[in-house]
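Reader: I have not looked at this one before. Can you take me through it?

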Amino acid sequence: MEAKKKQGRYERVVIQLSDLLKPDHGMLARMATINAVLHHKFEYFFWTGFYLLQNDELIVGPYQGPVACQKLAKNKGVCWAAVNQGKSIVVPDVELFPGHIACDSRSKSEITIPLKNLKGEVIAVFDVDSSEPGSFDEIDRINLEKIIGMVISTPLNNR
Ligand code: SME
């Protein structure tokens, strides 16, 4: 997608989510809402979802798209790399990422964003797969980091 169009779309998503997200309904409700909005706003989001860090395991949370792995093999693949490094990872070609976990062979490129609590601890990872190579860039990374941060800190003016 062309850069300007992509940026504009993310900006509209932020406005929409600021209105939709309720601080009182818990993180899972906010994750599910963010996930549904993003998945339906971007044509190239083939699989969109969260993996939750529970007892040192990554277990699938709210998601949209084809059925995915429920648990990810420890310290392997792109999601665990984002958790262990504490930073977002953009993968233009999943076949070139050592240990990539293919929940669906149609996934060709991927982005993962760690979700941190207020103490800075990683509590989940947000993952998007595209069925086209090279779908994700810095525009996706910067905007998705901002949007995923809304799981933790939601505007207070939207009750
Ligand atoms: N590809 C991910 C696994 C999750 S699926 O893409 C939904 C990984 O390598 O961690």
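Predicted model: local features only at pLDDT ≥ 70, side-chain atom pairs only at ≥ 80, totals over all residues.

Reader: What does the shell around the ligand have by class?
Author: Seven nonpolar, two polar and three charged residues. Ala, Val, Leu, Ile, Met, Phe, Trp, Tyr, Cys and Pro count as nonpolar, Asp, Glu, Lys and Arg as charged, and the others, including Gly, as polar. Residues are numbered from 1 along each chain, and side-chain values use heavy atoms, without hydrogens and water.

Reader: Which element gives the largest share of the shell?
Author: H3, with three residues. Strand E1 (47-54), helix H3 (77-85) and strand E6 (122-130) each supply at least two. Helices (H or I, at least four residues) and strands (E, at least two) are DSSP runs, numbered from the N terminus.

Reader: What lies 2.7 Å from an oxygen atom of the ligand?
Author: An N or O atom in the side chain of aspartate 129. That is a polar contact, here a pair of N or O atoms within 3.5 Å. The protein covers 99% of the 310 Å² of accessible area the ligand has on its own (Shrake-Rupley method, 1.4 Å probe).

Reader: And histidine 100, how far is its side chain from the ligand?
Author: An N or O atom there is 3.4 Å from a nitrogen atom of the ligand.

Reader: New topic. How many aromatic pairs are there?
Author: Nine in the whole structure; rings of Phe, Tyr and Trp (its six-membered ring) pair if their centres lie within 6.5 Å. Phenylalanine 50 and phenylalanine 126 have centres 5.0 Å apart and planes at 55°, so that pair is tilted. Planes under 30 degrees apart count as stacked, over 60 as edge-to-face and the rest as tilted.

Reader: Which parts does that pair tie together?
Author: Phenylalanine 50 is in strand E1 and phenylalanine 126 in strand E6, so the pair joins parts 76 residues apart in sequence.

Notes. Polar contact = N/O pair within 3.5 Å; in protein donor to acceptor, adjacent residues only side chain to side chain.
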